[in-house]
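Reader: I have a model open and would like to talk it through. Could we take it piece by piece?

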Amino acid sequence: MSGHLTVENIFTAYDRADVLSGISIDVQPGKITCILGSNGAGKSTLIRSILRLTPPRAGSIAFEGKTLDQMATHEIVGLGIACIPEGRRIFAKMTVEENLRVGAYLVNAEKTVKARLGKVYEVFPRLKERAKQLAGTMSGGEQAMVSIGRGMMTDPKLLIIDEPSLGLSPLFVQENFNIVRRLNETGVTVLLVEQNVNQTLAIAHYGYVLSQGKIIVQGDSEMLAKNEEVQSAYFGGAH
Amino acid sequence: MGMIGQHLLNGLMQGTIYGLVAMGFTIFFGVMNVIKFSHGDVLTLGAFGGLVAVWAANALGLSVPLQFIVALCVAMALTAVVGAGISHFLIMPLRNAPPLNMLLMTMMVGTAIREAIRLFFPNGTNPQRFPELLPAGGFNIGPSFFRTDAIILIIAGAASIGAVYWIINHSKFGLAMRAVAEDTETARVMGINFGRIIPLTFALGSITAGFAGMIYALYYSEINYSMGLLLAVIGFTAAIVGGLGNIWGAIIGGYLFAGLQTFVVAAMPSMSDYKNVFAFVLIIVLITWRPTGLLAERGSERV
């Protein structure tokens, strides 16, 4: 089992104000770890910190024992960390297949790329039908498939998923979560960042609740599902 | 009517040069949202680099075809390095600055290159003769005379336009380039090293300028330090008319502008000195009619 990510006491700021103040998390290999929190709690900033799109100003992040603290984003991705970004962020002016190929950008062997394309098309047969269509002309649900498929193309050890439920119907969210669970069963470590508490805790093994830039609760998902602070974090309770 | 072939050839020749220059503008804009006004002067630099290379190759006693190859390689390598250097050292650091600062910076770089050529090139203020490296002569089809070198240059230019188009739309580098153009941050998250893709993109766009400079030099057998100025304005116009950011638009815009010029020359030979005036007036009318360019709304080819 690989894909162990540790975040140690990081502080991240845009301009001067800290958005994250002293966050530590441990993403266990082979598990689904979730980060819960309301809008503005700092969830996306945590992901940006891990990928060093917004490098933390203090603290340390390591992947499989290797520090990421001096690395560029593309080098971190090269270690086997993939991200399905919030809002899908597909390349609208590219075809579906080109979008997927960007996901496998770091792979040089065409054979490997083809094999991964085949795997993605197996999970999402619709993407195969639409391979030559411009991604921007597809429905929201189909774009979500492109975004997930693009993440799968990286064949990551650790898959970071930012708010996959955003803007999707509950049925579709369930479908996506099933895919996440199946990916995890094939050995991919998952860090799932979500607002949607119940559906997330149903598939996650372990979770952290983020509020105003700090971890306020952490524990097994069964425990979190019953925890009152989890509920209050979402309904504006004071901490 | 014997002039028709000549006009056609001339128009195609100029359209190829304009299209190549316009492609550069469109590539730079697509990937960095920058109007790079030093583009024309990079073209000039390529032509002068080619000239020096011919002199050197000649002094070394190389044959004429070899001189041609050396000149072409030097022009392209020089513009590639200069283009990549400008983007890496000057444009990248300014990428979060207001667009006007970037614009001003590229204009200053262009002026610096142009003035440097004028001052430091031997007798740089005056036009330089560019040796004829392609087979002279030509042939008649009916009453029309066709220059052999012009035909070679048009084919080479069209092939290079095709090559750049292929690189952008079908190579892995082109894929990365388009990803960076559309969403730099997501491109980085996919493992693309944009700190390398951007200079390479500028190198590609600048090579097209170097190539255009060489075509110009070989066709007109004369270059001068300010040749890039008008070519840049025309190339930029062509890119805008085609819809900035759209590769096909740039190519069409280039041939369209050359077509307008050629039409003026062919229809009113006595007014041929005014061909740019007429062409720009027609473009002004066209832009007023289609403010976003001819192909802007389709936009799928943006790089």
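Reader: What span does helix H5 of chain B reach from its first C-alpha to its last?
Author: In this predicted model, helix H5 (residues 148-170) of chain B has 23 residues and reaches 32 Å. That is close to the 33 Å expected at 1.5 Å a residue, where the expected span is 1.5 Å times one less than the number of residues. Helices (H or I, at least four residues) and strands (E, at least two) are DSSP runs, numbered from the N terminus.

Reader: Which residues in H5(B) are buried?
Author: They are Leu153(B), Gly157(B), Ser160(B), Ile161(B), Val164(B) and Ile168(B). A residue is buried if 20 or more other C-beta atoms lie within 10 Å of its own, exposed if 12 or fewer, and partly exposed in between, with C-beta atoms placed from the backbone. In general, an α-helix has 3.6 residues a turn, so residues three or four places apart point the same way.

Reader: And what covers the buried residues of H5(B)?
Author: The cover includes helix H1 (3-32), H6, helix H8 (194-220) and helix H10 (247-267) of chain B. Contact here requires that the C-beta atoms of two residues, placed from the backbone, lie within 7 Å.

Reader: Before going on, how should I read the numbering and the thresholds?
Author: Residues are numbered from 1 along each chain as its sequence is written, while chains are lettered from A and ligands numbered from 1 in the order in which they are written. As this is a predicted model, local features need pLDDT of at least 70 and side-chain atom pairs count only at pLDDT 80 or more, whereas totals for chains, interfaces and linings use all residues.

Reader: How many helices and strands are there in chain B?
Author: Chain B has 11 helices and four strands. Its C-alpha atoms fill a box of roughly 60 × 50 × 35 Å along the principal axes. Buried residues make up 52% of the 303 residues in chain B. Of the contacts in chain B with a separation of 6 or more, 77% are between residues 24 or more positions apart.

Reader: What radius of gyration does chain B have?
Author: The value for chain B is 19 Å, which agrees with the figure near 19 Å for a compact globule of 303 residues. The radius is taken over C-alpha atoms, and the globule rule is 2.2 Å times the number of residues to the power 0.38.

Reader: How many residues does each chain give to the contact between them?
Author: Chain B gives 17 residues and chain A gives 19 residues. On the side of chain B that touches chain A, the elements giving two or more residues are helix H6 (172-182) and helix H7 (184-189) of chain B. H6(B) gives the most to that side, with five residues. By class, that side of chain B has six nonpolar, five polar and six charged residues. Ala, Val, Leu, Ile, Met, Phe, Trp, Tyr, Cys and Pro count as nonpolar, Asp, Glu, Lys and Arg as charged, and the others, Gly among them, as polar.

Reader: Turning to chain A, where is confidence lowest?
Author: In chain A, confidence is lowest in helix H10 (residues 228-234), at a mean of 71, and highest in helix H3 (residues 96-103), at 96. The mean pLDDT of chain A is 90, and 97% of its residues reach 70 or more. pLDDT is the predictor's confidence in each residue, from 0 to 100.

Reader: Into which domains is chain A divided?
Author: Chain A is divided into domain 1 (1-80 + 158-239) and domain 2 (88-155), with bounds from an automatic or database domain assignment. Their centres, taken over C-alpha atoms, are separated by 24 Å. The contact takes eight residues from domain 1 of chain A and seven residues from domain 2 of chain A. H7(A) gives the most to the domain 1 side, with three residues. By class, that side of domain 1 has five nonpolar, three polar and no charged residues.
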